[in-house]
Amino acid sequence: MQLDDHYFMKRALAEAEIALEAGEVPVGAVVVIDQKIIARAHNRTETLNDVTAHAEMQAITAAAHYLNGKYLKGCTLYVTLEPCTMCLGALYWSQLERIVFGAADPKRGYQANALSPHPKTTVTQGVGADEATVLLNTFFKSKR
């Protein structure tokens with residue numbers, strides 16, 4: 001089995017499905033280092049009654065605990081939706097090596113605000129975008 005971006009994004013999508021089942025906006029994330037998942041997370045803003053409990057924020061905290069340090073150098077974050085401004089700020093400070101995201105978020109994503117990740121962080125977008133979009137559309141249709 002090849003452990004590539006699609007493999008790890010499928011793991012993030014599984015986290016998004018858990019969020020959907022819990023009534024959360026279906027966003028999931030995993031953090032990977034050396035081809036190993038060290039953190040899994042999904043949105044928990046409703047569950048925790050905390051606006052900062054985005055999947056990325058939860059994943060950063062879990063990965064930092066796993067590594068016993070605040071920097072995530074050498075790590076890749078896979079997240080199903082483009083990070084928002086708040087999450088990009090935290091990702092910037094964590095000094096991730098890569099961010100891989102699925103669906104773009106033209107209204108609330110960091111690119112809409114003309115922000116950039118850490119200069120040493122590379123970004124790959126569109127991996128698993130179709131699957132992520134289906135989950136998001138399913139959630140928001142149920143709310144209308």
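Author: A residue is called buried when its relative accessible area is under 20%, exposed when that area is over 50%, and partly exposed in between. Please keep in mind as we go that this is a predicted model.

Reader: With those cut-offs in hand, is Asn 68 buried or exposed?

Author: Asn 68 has a relative accessible area of 73%, and because exposed means over 50%, Asn 68 counts as exposed. Asn 68 lies in the loop between α3 (55-67) and β3 (75-81), and its phi is near 55 degrees, a positive value in a residue that is not a glycine.

Reader: Where else is there a positive phi in a residue that is not a glycine, and what is its value?

Author: Gln 35 is such a residue, with a positive phi of about 65 degrees. Gln 35 sits in the loop between β1 and β2, and because its relative accessibility is 47%, Gln 35 is partly exposed. In the hairpin made by β1 and β2, which has 2 residues between the strands, Asp 34 also takes a positive phi, near 50 degrees.

Reader: How many bridges join β1 to β2, and do the strands run parallel or antiparallel?

Author: Strand β1 (residues 28-33) is joined to β2 by 6 bridges, and the strands run antiparallel.

Reader: How many of the 7 residues of strand β2 are buried?

Author: In strand β2 (residues 36-42), 5 of the 7 residues are buried, so the strand is largely enclosed by the rest of the structure.

Reader: Where is Ala 59 found, and is Ala 59 buried or exposed?

Author: Ala 59 belongs to helix α3, and because its relative accessible area is 0%, Ala 59 counts as buried. As a reference for its position, Ala 59 and Ile 37 are separated by 22 residues in sequence, while in space they are 11 Å apart, C-alpha to C-alpha.

Reader: Turning to the surface, which residues gather in a patch of positive charge?

Author: The residues that make up this patch of positive charge on the surface are Lys 107, Arg 108, Lys 141 and Arg 144. A residue joins such a patch with over 30% relative accessible area and no salt bridge. Arg 144, for instance, is placed in the segment after α5 (129-143), and because its relative accessibility is 79%, Arg 144 counts as exposed.

How values were computed: Residues are numbered from 1 along each chain as its sequence is written. This is a predicted model: local features need pLDDT of at least 70, side-chain atom pairs count only at pLDDT 80 or more; totals for chains, interfaces and linings use all residues. Side-chain values use heavy atoms; hydrogens and water are left out. Patches are made of residues with over 30% relative accessible area and no salt bridge: like charges are joined within 9 Å, nonpolar side chains (Val, Leu, Ile, Met, Phe, Trp, Tyr) within 5 Å. Accessible areas come from the Shrake-Rupley method with a 1.4 Å probe; for residues, only the protein chains shown count as cover. A salt bridge is a side-chain nitrogen of Lys or Arg within 4 Å of a carboxyl oxygen of Asp or Glu. Lys and Arg count as positive and Asp and Glu as negative; His and the chain ends are not counted. The place of a charge is taken as NZ of Lys, CZ of Arg, CG of Asp or CD of Glu. Helices (H or I, at least four residues) and strands (E, at least two) are DSSP runs, numbered from the N terminus. Buried means under 20% relative accessible area, exposed over 50%, partly exposed in between (1.4 Å probe, protein chains only). Two strands pair if DSSP finds at least two bridges between them.
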